[in-house]
Amino acid sequence: MGESYSLNKPTVETTWKLDPKRVIAPQGYLASAAAAGIKTEGKLDVGLLYSIRPSIAAARFTTNAVKAAPVLLSQEHLEESGGETRAIFVNSGNANACTGEEGMIAARKMTKLAGEIVAVPANQVLICSTGVIGVPLPFDRIEQKSLELKRNLSSEGMDAVSKAIMTTDTVPKVCAAESLVGRPPVRISGMTKGAGMIHPRLATTLAFVLTDAFITKALLEEALTEACERSYNRITVDGDTSTNDTLAVLANGASGTPLIEHKDEAYHHFREGLTQVCQSLAQQIVRDGEGASKFVEIAIEGADSEPNATRIARSIANSPLVKTAVAGEDANWGRILCAAGYSGVQFDPDRVGIKIGDLEVCKNGTGLRFDETLAKQILRRRDIRITLNLNAGSSCATMWTCDLTKEYIHINADYRT
């Protein structure tokens with residue numbers, strides 16, 4: 001049976017205390033940020049995250065065939081080091097994508113510089129870049145900030161890094177979680193950026209999650225796979241998958257808790273915490289979608305399989321006609337059924353039911369008489385749930401998206417200027 005998940009409605013009794021407005025460094029981590037002049041007006045645009053003790057990493061990267069130099073080099077470093085990773089070095093304002101050999105040279109210089117700042121091998125550094133594609137990375141500006149980055153490393157520095165990774169984001173996106181079971185407590189803390197080019201195929205945008213849990217590399221990979229599928233792989237803003245997408249998790253064991261080496265209760269507890277943090281971060285991206293005024297949950301019920309439910313949900317969530325109807329507060333349910341129909345999933349349209357909020361607008365594939373005023377009131381809300389029931393099984397899935405407004409066009413028409 002498939003499952004649907006919503007941070008607003010926890011699927012299980014939570015054993016984690018979540019704070020979606022703060023980013024708190026777990027034990028053993030330092031961070032710093034600086035304004036290197038890649039972005040304008042003295043804005044922070046370079047950030048460094050560092051574990052003071054040995055740590056491991058798991059990561060997911062874009063599946064776009066056009067991959068930026070930082071993605072390729074980070075993948076190379078994870079393979080070389082066997083996952084042992086001590087630092088993440090990131091810049092915004094420049095994607096270092098489609099920049100040829102010069103871009104790869106700049107990426108290697110960045111990892112070398114970060115390694116020198118925190119005294120670790122370069123292949124234990126992951127790097128990320130976000131911003132304009134096709135423009136050479138001004139590495140010299142970043143290099144000039146190395147002493148400042150080293151001097152400002154602090155357990156209080158994560159908030160500054162969350163601001164340094166922003167591009168068209170209007171707000172920083174952070175979340176901290178602390179375990180409510182066991183002593184000493186385990187912390188999981190993360191940050192993310194993204195408002196456009198959001199359409200995941202393993203991960204999306206940039207996201208960095210740090211934890212002081214003690215876990216094996218293999219189980220960290222499994223936990224991230226499951227968490228990513230239930231969070232970043234369930235969001236879309238505009239259907240575009242970036243060249244730079246990276247989701248990385250570091251674990252350093254500084255909490256002093258026992259090693260998680262089996263799929264036991266401790267593993268499932270950790271996985272749930274990681275998932276909740278990733279869901280919060282992913283949903284914050286949608287809420288801050290470029291030009292967005294509404295957060296939309298697409299819930300598919302009664303499907304014959306979870307993959308089919310997900311496919312239909314993704315098709316509806318990406319439909320420009322559905323998204324503009326939501327923006328215009330128009331209960332045009334036909335667009336929802338239409339988007340389900342071209343998803344590639346076979347189903348009987350004569351069994352389909354559709355609800356906008358709690359208002360039933362379609363039954364057995366046919367429109368119902370409904371209160372248009374009430375429908376408009378529902379669509380005027382900031383948070384909207386659209387439910388499509390296939391009445392063909394017991395599987396379900398959820399996607400999160402936003403409306404599509406004129407402001408999205410304005411932002412992306414002027415992105416380089």
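Which residue of strand 15 does Ala299 stand opposite?

1. The model is a predicted one, in which local features need pLDDT of at least 70 and side-chain atom pairs count only at pLDDT 80 or more, while totals for chains, interfaces and linings use all residues. Residues are numbered from 1 along each chain as its sequence is written, and side-chain values use heavy atoms, with hydrogens and water left out.

2. On the opening point, Ala299 stands opposite Thr387 in strand 15. Strand 11 (residues 295–303) and strand 15 (residues 383–389) pair in the parallel sense over 7 bridges, where strands are DSSP runs of E with at least two residues, helices are runs of H or I with at least four, and both are numbered from the N terminus. Two strands are taken to pair if DSSP finds at least two bridges between them.

3. These two strands belong to an open sheet of 6 strands with mixed pairing, in the order 14-13-12-15-11-16. Strand 14 (366–367) and strand 16 (395–402) stand at its edges with a single partner strand each, so one side of each has no neighbour in the sheet.

4. Helix 8 (residues 306–318) lies across strands 11, 15 and 16, at about 20° to strand 16; angles run from 0 to 180 degrees between N-to-C directions, and axes are lines fitted to C-alpha atoms, for helices over the stretch in contact. Contact here means heavy atoms within 4.5 Å. Helix 11 (residues 372–379) lies across strand 12 (353–356), strand 13 (359–363) and strand 15, running at about 115° to strand 13.

5. Another open sheet of 6 strands, again with mixed pairing, has the order 1-7-8-9-10-4. Its edge strands are strand 1 (16–19) and strand 4 (56–61), each of which pairs on one side only. Strand 4 runs antiparallel to strand 10 (residues 246–251), to which 6 bridges join it, and Arg60 has Leu247 in strand 10 as its bridge partner.

6. Helix 6 (residues 217–229) lies across strand 4 and strand 10, at about 35° to strand 4. Helix 7 (residues 265–287) lies across strand 1, strand 7 (173–179), strand 8 (187–193), strand 9 (206–211) and strand 10, and runs at about 160° to strand 7.

7. Helix 9 (residues 320–327) and helix 10 (residues 333–341) pack at an angle of about 160°, with their axes 9 Å apart. Helix 9 is therefore roughly antiparallel to helix 10, a term applied to angles over 145 degrees. Leu321, Val322, Thr324 and Ala325 in helix 9 meet Arg335, Ile336 and Ala339 in helix 10.

Conventions: Parallel < 35°, antiparallel > 145°, perpendicular 65-115°, else oblique.
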